Amino acid sequence: MVTEIKLWEINEGKLIPSNISLTEAGRTETDDLEKWIRNNPGLLGEEIVLIGEQVMTKRGPLDFLGIDRSGNLVIIELKRDRLHREVLAQAIDYASDLASWDLERLNAECEKHTGKRIEECLSENLDLDDEALEEISINNFQKILLVGTSVDESLERMIEWLSDNYDMGINVLIFKYTQTKSGDEIIAKTTIIPEEIEQEKSQRRQRKIYAERHILRREFWTQLLEKINKKSNLFSRISPGVYYWIGTGAGKSGIGYNFVVYNNESGCEIYLDRGKEYVNPNINKERFDKLISSKEEIESKLGFSIKWERLDNKRASRIGIRFSDGGVRDKEKWDTTQDRMIEKMIKIEEVFREYIRKLE
């Protein structure tokens with residue numbers, strides 16, 4: 001049972017209890033504890049990215065809203081003193097509202113707080129690549145993190161019971177603030193549930209989502225490949241996979257034709273990535289610039305517009321088209337989605353073939 005952190009100052013070989021509290025030092029939740037967390041979100045845990053502050057819910061304003069590397073929302077409620085059992089009901093109320101928020105609403109909150117969308121924040125803060133980001137399911141689960149300087153025994157007991165018996169993502173983070181005689185300020189922290197146990201819970205849930213999604217994607221790709229192989233030999237040597245993309249070579253090293261399918265959208269693309277040994281100078285950007293110099297001519301031959309993504313902050317570049325009205329989750333739309341993907345891919349390969357052949 002973790003109810004109190006005790007600190008001592010070592011002075012000339014003697015241990016002197018350090019008992020000055022947050023409130024006794026004139027510190028406040030709003031002016032200090034929130035500021036420390038805002039400026040140092042790592043205090044909450046290594047895998048939590050803050051995407052909102054004073055987020056308005058049906059229950060009222062939530063102190064902080066975070067997200068972890070598995071896409072779980074983290075409801076963070078702060079109290080500058082002891083955490084009482086009532087704060088649990090408050091946090092569950094927040095979670096019950098946020099559970100219904102869709103990605104668009106969450107992105108709006110994230111952009112208001114960070115100026116960026118959720119995927120950008122996860123990529124930058126947790127070093128996730130495109131494939132890892134696509135595997136994340138945003139807001140499938142909600143976690144609760146209660147933050148204070150101590151905790152009631154009854155609340156601690158409830159937290160452990162919910163975690164152990166219902167596998168609920170819930171924890172208490174306890175900060176201990178003190179000042180030394182010389183005026184130095186110190187913060188220590190501990191949790192009721194070890195952080196590694198909470199991370200394992202998130203990973204276990206995510207593995208279950210992966211398994212279900214992989215089965216669905218393999219079925220989607222099997223059906224699509226059967227169709228395209230009746231019309232073209234482009235993907236004749238490709239087997240159905242479990243990831244969000246399948247690709248085939250474009251006749252030039254480092255360039256491929258990819259089909260992509262996400263939860264709610266799909267597309268076709270030309271992906272340019274020669275590898276890390278070709279980044280200085282970056283041959284992918286050189287090839288992209290050469291192709292885009294013929295943009296008007298290419299799109300005229302295609303008969304439709306495509307998206308040209310140089311991706312200056314990444315090694316690769318991408319050219320393609322996306323459809324936002326059908327993805328792997330919309331099984332009743334698979335036939336329409338796949339037929340459109342195949343039609344566009346065959347045309348893209350037909351038009352780009354000669355332009356790619358002329359590249360270095």
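Predicted model: local features only at pLDDT ≥ 70, side-chain atom pairs only at ≥ 80, totals over all residues.
## The open sheet

Six strands build an open sheet. Their order is E3-E4-E5-E7-E9-E10, and the pairing is mixed. Two strands sit at the edges: E3 (48-57) and E10 (185-191). Each of these pairs on one side only. From one strand to the next, the twist averages 25°.

Now look at one pair inside this sheet. Strand E5 covers residues 73-78, and strand E7 covers residues 142-148. They pair in the parallel sense, over six bridges. Glutamate 77 has its bridge partner in E7: leucine 146. Strands of a sheet pair through backbone hydrogen bonds, either parallel or antiparallel.

## Helices on the sheet

Helix H2 spans residues 86-98. It lies across E3, strand E4 (60-68), E5, E7 and strand E9 (170-179). Its direction runs at about 145° to E5.

Helix H4, residues 118-126, also packs on the sheet. H4 touches E3 and E4. The direction of H4 makes about 145° with that of E3.

## A hairpin: E11 and E12

Strand E11 (residues 245-249) and strand E12 form a hairpin. Five residues lie between the two strands. In the turn, glycine 251 has a positive phi of about 85°. The pairing here is antiparallel, over five bridges. Glycine 249 stands opposite glycine 256 in E12.

The two faces of E11 can be told apart. Ile246 and Thr248 make up the covered face. Trp245, Gly247 and Gly249 make up the uncovered one. In a regular strand the side chains alternate between the two faces of the sheet.

The largest cavity holds about 280 Å³ of space. Its lining has 22 residues. Closest to its centre are Leu44, Ile48, Lys143, Glu198 and Gln199. E7, E9 and helix H7 (195-228) each give two or more residues to this lining. H7 gives the most, with five. By type, the lining of the largest cavity divides into seven nonpolar, eight polar and seven charged residues.

The second largest cavity holds about 50 Å³. Its lining consists of Glu269, Lys307, Glu309, Arg318, Ile319, Gly320, Ile321 and Arg322. E15 has the largest share, five residues. The lining of the second largest cavity divides into two nonpolar, one polar and five charged residues.

## The largest pocket

The largest pocket has a volume of about 1,700 Å³. It is lined by 45 residues. Which of them lie nearest its centre? They are Glu119, Asp130, Leu133, Glu134 and Tyr262. The lining of the largest pocket divides into 15 nonpolar, 10 polar and 20 charged residues.

Several elements give two or more residues to the pocket lining. Among them are helix H3 (103-114), helix H5 (130-135), strand E12 (255-261) and strand E13 (266-272). H4, E14 and E15 are on that list too. Which element gives the most? H4 does, with six residues.

Notes
Residues numbered from 1 in each chain as written. Heavy atoms only, no water. Pairing = 2+ DSSP bridges. Helix = DSSP H or I, 4+ residues; strand = E, 2+ residues; numbered from the N terminus. Axes fitted to C-alpha atoms, helices over the stretch in contact; angles between N-to-C directions. Contact = heavy atoms within 4.5 Å. 1 Å grid on protein atoms, 1.4 Å probe; cavity = no way out; pocket = protein on both sides within 12 Å on 5 of 7 lines; lining within 4 Å. Points joined across faces, edges and corners; volume = space filled by probe spheres on them. Nonpolar A, V, L, I, M, F, W, Y, C, P; charged D, E, K, R; others polar. Buried < 20%, exposed > 50% of the residue type's maximum accessible area, 1.4 Å probe, protein only.
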